[in-house]
Amino acid sequence: SGFNSIGHMDTMLRGRHHVGHYKEGEEFIQNVFHVLFQLFSGKEKSNLSICWLQYEISKVVQCLQAKKKKKLKTQGKKSKKLAKNLLKAPDNRNHLSLWKLYAYLEWLLGNLDDARKVFDTALCTAGTGGLKSPQLCSLSLLYAQLEVELLQSIEGALMSRAVHILTKLAESGPYVPYSGQVLSVNVLKARKTYEHALQAYLSKTPVSDQDQVSDANQLVNLVGCYALFQYLTVGIDAAVLIYAQTSEKLEASGPQTCENTGENFGIQNFPTALEAVTLLHTNLLRFHMKISVYPLNPLREALTEALKRYPSNQSLWRSYIHIQRKSHSASKARRFFDGVTRSTNSLEPWLFAIQAEQMRKKIIENVQRADVGEIHSTIPETGLTNRILALFEHAVQSENGTHCPLLWRMYLNFLV
C-alpha cells in the first residue's frame, strides 16, 4: 500500500488535507537512492547526490506550502543531516552545486545567518574564476536572488548584500564576505566587466555540442547576474533592456544553429537558453510589481509572448494565472487559452485553463455564500460549471489528454 501515490497529486485537496508523500512510498524512494549510491562513483555519484538533495528540498517546500510547522521541523532535521553527510564525501567537498543546494535548504528553513555562512564559505573556497566559472556564476546568482527577495523597496538597494555579491563576482578576485558597504567605484568597474563579458558571449560561436550546452547554461547565469546587478544599481528599465537584447540575439542565432548541426544535441539548448532568460525576465517583473508601483502590461505582454513559444512551461503558466486573477474580465484570458490550445499538442494549456476557471468559480462561490445573518444565498453558478465541463471534455479528447491519468482524476474529482 502507498506505492500508487508516489506520483502524488499536488493539485488535489482531500477535505482540508493536501495529498502528501506516503510513508511506504517514501521508504521505497529512500531505498532506491541508497542502493544506487553504492553503484556509482565519481561524477555520476555527485550528480546523484544533487538529485537526492533536490528531492529533499522539494519535501521541505511542500511543508512550507502546507504551513505545517511541526512537520517542517522534523523534515528539516532529516534533510540537513543528509546534506551534511553528502558534503562529507571526499568527492563532494569542492562540489559547488551541492554547497549551493545546502545553503538554499538552510535558507528555506529560515536559518538565514547559517545559510549566509554556507554561501560565503562556498564562495571563498571557489577560487577566482569570476564570470568564466559557470558554477560560481550560478551560486552567486542564487545567493543574490535570495538576498534581493528580502528587500522591502528598491531604494537603498545600492548598499545591499546582493550588490556586494554581484560586484565581487565580476572582480574575479578572492571573495570577501559583506561588511556593510559597497564602493561606488567597484560598482562602475563591475558594470563594465559585465557588459564586456555579455558581448563576448553573445558574439562567440559555439564549437562542439557539448560546449554549446555548457555555454547556454553559462549565458543564462551571466544574463541573470548582469540584469539583477543593473536592477539594483540603475533600475527596472535597465534590467529589462538586457533581457530584451539577449532574447533578440538568441532568437536571431536560433535558426542558423539548427541548419549547421542538424538534429543534434546542442540545438535543444538554444531554445532552452531563451526560455530560461524569459523566465528570469518575468520573475523579475513580478517581484518588482510586488515591492513598488509598476504597470501590469509589460508583464502580461512578456508572458503571452513566452507562452505562445513555450506552451508547456509550467512556471510561466503559473505566473500567467496569478496575474489574470487580478483582472475582473476573464474574456481576454479565455481567448488566449483557446488560441494556445488550438496551436499546440501539449497538455499544460488545458490543465491550466481548467485550473484558472476553477479558481474563478471558487471566488464567485465564496462571494455568493457570504453569510447574511441566517440566510445563505445558494444560487448555483451554472455558467462556469458548464464551461469547466466543456474544457474537460475537449481536453480528454485531445491525443495527450486521453492518456493523462491526472486529467481523468481531476475530471472525476470535479464531477463528484
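**From a surface patch to the core**

Let's start on the outside: Val 35, Leu 39 and Phe 40 make up a nonpolar surface patch, and together they have about 300 Å² of accessible area. Keep in mind that this is a predicted model. Leu 39 sits in helix H1, which covers residues 23–39. Its relative accessible area is 63%, and because the cut-off for exposed is over 50%, Leu 39 counts as exposed.

Domain 1 (1–121) and domain 2 (127–203 + 211–252 + 271–292) each supply at least three residues to the core.

H12 runs over residues 297–309, so 13 residues, and spans 19 Å from first C-alpha to last, close to the 18 Å expected at 1.5 Å a residue. Its buried residues are Leu 299, Arg 300, Ala 302, Leu 303, Thr 304, Ala 306 and Leu 307.

Back out to a loop, then. Gln 152 lies between helix H6 (134–149) and helix H7 (161–171). With 69% relative accessibility, Gln 152 is exposed, since that label needs over 50%. In sequence, Gln 152 and Ile 291 are 139 residues apart, yet their C-alpha atoms are 6.3 Å apart in space.

Key: Residues are numbered from 1 along each chain as its sequence is written. This is a predicted model: local features need pLDDT of at least 70, side-chain atom pairs count only at pLDDT 80 or more; totals for chains, interfaces and linings use all residues. Side-chain values use heavy atoms; hydrogens and water are left out. Helices (H or I, at least four residues) and strands (E, at least two) are DSSP runs, numbered from the N terminus. Buried means under 20% relative accessible area, exposed over 50%, partly exposed in between (1.4 Å probe, protein chains only). Patches are made of residues with over 30% relative accessible area and no salt bridge: like charges are joined within 9 Å, nonpolar side chains (Val, Leu, Ile, Met, Phe, Trp, Tyr) within 5 Å. Accessible areas come from the Shrake-Rupley method with a 1.4 Å probe; for residues, only the protein chains shown count as cover. A salt bridge is a side-chain nitrogen of Lys or Arg within 4 Å of a carboxyl oxygen of Asp or Glu. Domain bounds come from an automatic or database domain assignment.
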